[in-house]
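Here are some notes for a first look at this structure. Please read them with the model open.

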Amino acid sequence: MREVGVMMKRSRGFTLIELLVVIAIIAILAAILFPVFAKARAKARQATCQSNMKQIGLACGMYQQDYDGIYVPTNVRNSNYPGNNGYWWSSLIEPYMKNIQLLLCPSYGCNFGGIGTWTGAGYCGDTAGGTSTCDQPPRARFVGGYGINRGSDWQGPAGRTDDAVRAPGDTILISESMCIVASHSTFGWPGNAKCRGIPPHNDGINQLYCDGHVKWVKVQTDAAGNLVSTESVYKWTVNDD
């Protein structure tokens, strides 16, 4: 009986100090691990985006084969609509993709007119505005975070023949963008600076080149909130000389 009493006396729970120590250790571990987990999730979204862009590249390649070596144009005009924009490039490659959600970057954060939807609201995906009358309804443009390279003064590869692009491995075709078109220093043109001023993938963006490969590129933010690519300007413009 005495031994049983001693054993029962020794059986006790945690003290308040012990619980506080355990909680403190858990809090320290959480503070260390949460940023690691967040970075891992960001890397996963970056990889998903790269996969999307590779599939977009395949669709653009199939379009090019069907149209005698012509890269997918920015748009195909329709004189029945004011502004003469017609069908944008996202509509043109849609038949070559089995999943239209490939046009949606998982880190795209702008929400003017609906993320991952066909919309005619405003000029670009990041611009609040009424229904656009210059695009072919019902699929005017796809808001998802990708834009075709318009180059300087629309001198990008879109709509050009393959022999016009001297260096397809160094020429950007599609870039992450807050608009349906993109250029070296305008990833959300004309759009909202607050929306477009945050690089979606670890201080950088993914870009699809004319030869079909995808690469992550570091970007910077200028005083106006625009994302500016650290890549050379010549990668954005086709040289016809």
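With which side chain does the side chain of asparagine 206 make a polar contact?

1. The partner is glutamine 50: the two side chains make a polar contact at 3.2 Å. Bear in mind that this is a predicted model.

2. The side chain of asparagine 206 also reaches the backbone oxygen of glutamine 46, at 3.3 Å. Asparagine 206 sits in strand 8, residues 204–209. Asparagine 206 counts as buried because its relative accessibility is 0%, and the cut-off for buried is under 20%.

3. Look at the surroundings of asparagine 206. Leaving aside neighbours within four places in sequence, its contacts include Cys49, Met53, Ser175, Glu176, His201 and Trp216.

4. Next, the nonpolar cores. The largest has 34 residues. Ile56, Val72, Trp89, Ile93, Tyr146 and Ile174 touch the most other members. Helix 2 (16–66), helix 3 (89–93), strand 4 (141–143), strand 5 (146–149) and strand 6 (172–176) each supply at least two residues of this core. Helix 2 gives the largest share, 6 residues.

5. Take isoleucine 93 as one case. Beyond its neighbours within four places in sequence, isoleucine 93 is in contact with Ile56, Ala59, Cys60, Val72 and Leu103. Another core, of 5 residues, lies apart from the largest one; Ile172, Ala182, Tyr209 and Trp236 are among its members.

6. Finally, the cavities. There are 3 of 30 Å³ or more.

Notes: Residues are numbered from 1 along each chain as its sequence is written. This is a predicted model: local features need pLDDT of at least 70, side-chain atom pairs count only at pLDDT 80 or more; totals for chains, interfaces and linings use all residues. Side-chain values use heavy atoms; hydrogens and water are left out. On a 1 Å grid over the protein atoms alone, a cavity is a set of points where a 1.4 Å probe fits but cannot get out, and a pocket is an open set with protein on both sides within 12 Å along at least five of seven lines; lining residues have an atom within 4 Å of a point. Grid points are joined across faces, edges and corners, and a volume is the space filled by probe spheres set on the points. Helices (H or I, at least four residues) and strands (E, at least two) are DSSP runs, numbered from the N terminus. Buried means under 20% relative accessible area, exposed over 50%, partly exposed in between (1.4 Å probe, protein chains only). A polar contact is a pair of N or O atoms within 3.5 Å; within protein, one must be able to donate a hydrogen and the other to accept it, and residues adjacent in sequence count only if both atoms are side-chain atoms. Contact means heavy atoms within 4.5 Å. A nonpolar core is a set of buried Ala, Val, Leu, Ile, Met, Phe, Trp, Tyr and Cys residues joined through side-chain atoms within 4.5 Å.
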